[in-house]
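The following note concerns the interfaces in the structure shown below.

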Protein chains: 2
Amino acid sequence: MHMSDATTTDLYEVTMAMSYLQEGMTGPATFSLFARRMPAERGFLVAAGLESALDHLSGLLVGPDDVEAFASVLHRAPRDLAPLLGLTFTGDVRAVPEGRIVLAGEPLLEVTAPLPEAQLVETYVLNQLNHQTAVAAKGARCVLAADGRPVVDFSLRRTHGTQAGFQAARVGAMAGFAGTSNVAAATALGIPAVGTMAHSYVEAFPTEEDAFRAFARAHPGPVTLLVDTYDTEEGVRTAARVLRELGPAVHAAGSAIRLDSGDLGALARRARFLLDDAGLPGVSITASGGLDEYAVEELVSSGAPIDTYAVGTRFGVSADAPYLDSAYKLVEYEGRPVMKLSSAKVTAPAPKQVFRGLGCADVIGLTDERPPAGAEPLLETVMRDGRRTGPRATLGECRDRLAADLDALPPAARRIRGPVAPHPAVSERLRDLTARVRHRTEAHAGAVSSPSPSE
Amino acid sequence: MHMSDATTTDLYEVTMAMSYLQEGMTGPATFSLFARRMPAERGFLVAAGLESALDHLSGLLVGPDDVEAFASVLHRAPRDLAPLLGLTFTGDVRAVPEGRIVLAGEPLLEVTAPLPEAQLVETYVLNQLNHQTAVAAKGARCVLAADGRPVVDFSLRRTHGTQAGFQAARVGAMAGFAGTSNVAAATALGIPAVGTMAHSYVEAFPTEEDAFRAFARAHPGPVTLLVDTYDTEEGVRTAARVLRELGPAVHAAGSAIRLDSGDLGALARRARFLLDDAGLPGVSITASGGLDEYAVEELVSSGAPIDTYAVGTRFGVSADAPYLDSAYKLVEYEGRPVMKLSSAKVTAPAPKQVFRGLGCADVIGLTDERPPAGAEPLLETVMRDGRRTGPRATLGECRDRLAADLDALPPAARRIRGPVAPHPAVSERLRDLTARVRHRTEAHAGAVSSPSPSE
């Protein structure tokens, strides 16, 4: 059964949108999407998911089937939901471009649109930005840990569905990965595809050597041979013998062995010795198997002669931080800044801008503030009246943005273990406005008479 | 760009399949999919993801576009990949039905097919079973923790993409959830849809009371009012006033208040007192906000008067165990049982069956063994010659299977904190075969002469 994207939403977005329409509350509303706090062991986040969120916004159309679905789950007559029929997204979006570093409290995206539209898209937009931003940050940490050595994505078999696998490959490339095992993603996104053989391949042949020779027959040119199906050291010797016989057009042109289990550092040292001893200095070593940025950093700092790191599961699900504590908060309605006061979830009112200073010394302020000297505004207008304002960024552009931001990040934030994320400052004007709105919201216990942002 | 499902795979499946075809290695191969070990804090897993895996298998067809994609990422001419053109899945699948409890080491699924086909589907099948089984177990634990109170799914905004959100709603229903906020999933799967209003809704109105009244106008009948936007106690009083005015057709017919922040136990007690005091004993209390089975268990055991628990993020991403250490291992090729020996990843050879005894006292044995007295075989033939052997199980059937299995599970495995998973035993015949295959594999260092399973 095909479901249109309009129903990929929480029911409450629909019930609220209906009520807004009934009450004539279609004035402009601004919602701000941000991570409330940094996950443990994260010194930075990496903005990601914007492109797929914008695809949803520009394609959104509540059709008759959607209205029928809404009516059905609400046990209402379709005519009761008729005001939603034909709804599209006609608003503006300001957002941090994909690949840029973001911090807790900084808006990743702000939507300004007629209230029912801005509300209805909440679930989908959060869904896209949340996990992609989390996985992109994980990927960037893997690249940092590898310290210049190539990192590749092997995550597809363990991501939360195939869509998540595609997005993991994409944000991995954004983070600077050298390739992905995911054929669909590699094809669609122009990422190099990597991978060669599994243990099952070796086991399917009478001997390991038979397997290696057969693989080379099927795939002329450089090959990667998996050496740890039986005895790893013996596997390396066998691989060396086969590679030597294949000649320098194979073994000096990008061939490799892969280690996927055991003490990867010790096995890599032994393998390097055996390969060099066999006159195969051009054969590189790839390591895989439960790797993440912590394991990669340990291997790198121990001097393990591993040339390429393949990260899978733990990268693809961002295993130690599989979600962000993100929010999509109403910050202004019809020019009135609003905020929530309930315990532990206080949010600052009004549309915002992030001014990035040197070394990610950021200031969160109001949209109409002048940037502090030397600072640049992070959020850009990416959609106006429901249409993209510019072309999609390429993955290369995203990668370059991230590389530049990482270079400027303080070393403590780049650390793999115990990183310290920079704390964005809050501008004087935003602080003042927050205090005034808070005071009035508290004083009126929900009956807020509102200062304007420029008050 | 539309990509057919055939390219949603790791590159190495393609390179191996190509080599098998070239070598004429198209004999029957059996692969076994299982979780190597239990995640921490899990006393059981719940088989899930089979239906979407079978959909992939029955729909698989390598078309000309797929061959072109394979050729492109391999930098080969499409004609080199021509042997893959037209490949479909023509094999058999035996699997544990969705909803049944499974343990570490027990095959969730076994595929027997011509080697290239059985290999090519590895990535997709792992991808589907892995996360759905993990999330289903998390959901079942939430239901156990709620001890009879309804649990509902609010996870869509934080799952890893919308496809994962759909699957979370589905496996939640399988686990016994009473509803989901996900409209698409509710519509497609016939699950009750739940949810009413966000804090933004309350903030968009001049006062909280205005918001509650407007909501009731738009949605005649029982309503759920979110009371913690400003001052929670005041919010409860306001909700009580509005609900009382709406009359018993609303407040005695399934209306509720929702608490989403703060000390949920204390606030629920206070809210219950205020509601009862206002003559509204029929108005129930829903709690949400960062809940998982640990938090739910604490609230339940503290006697908090919460009637419905909404679990979101931590359920939907299985936050404390976002993946399983699963494997898809070749266990037999052309009647020859095979196994991998490399450190820490030894796997038992040959196609297997799981015999479930009383209280999940399971025995893993060979497919042709007679079940121990009183035990039932878990794996059933679900696909023969590439076709499903029976109708899809309904969600209700899956739910019933799980409920029955949970009832039979030892209390220590059902525990929320510090659960102890039962350890499946290994049959004498499987143990003997494993020892023999291991001995010969080691002795021949990869040149295995093979015992047959019935030896």
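1. Domain 1 and domain 2 of chain A bury about 430 Å² between them, 48% of it on carbon and sulfur atoms; buried area is the accessible area (1.4 Å probe) that two parts lose on being put together, summed over both. The model is predicted: local features need pLDDT of at least 70, side-chain atom pairs count only at pLDDT 80 or more, and totals for chains, interfaces and linings use all residues. Residues are numbered from 1 along each chain as its sequence is written, chains are lettered from A and ligands numbered from 1 in the order in which they are written, and side-chain values use heavy atoms, without hydrogens and water.

2. Domain 1 of chain A covers 5–133 + 321–443 and domain 2 covers 195–315, with bounds from an automatic or database domain assignment. Their centres, taken over C-alpha atoms, lie 45 Å apart. Each of the two domains gives four residues to the contact (heavy atoms within 4.5 Å).

3. Two salt bridges cross this domain interface (a side-chain nitrogen of Lys or Arg within 4 Å of a carboxyl oxygen of Asp or Glu). A:Arg417 and A:Glu298 form a salt bridge at 3.4 Å, N to O.

4. Between chain A and chain B, about 8800 Å² is buried, and carbon and sulfur atoms give 57% of that area. Chain A contributes 102 residues to the contact and chain B contributes 102 residues.

5. Eight salt bridges are found across the interface of chain A and chain B. In the salt bridge of A:Glu23 with B:Arg217, the closest N and O atoms are 2.9 Å apart.
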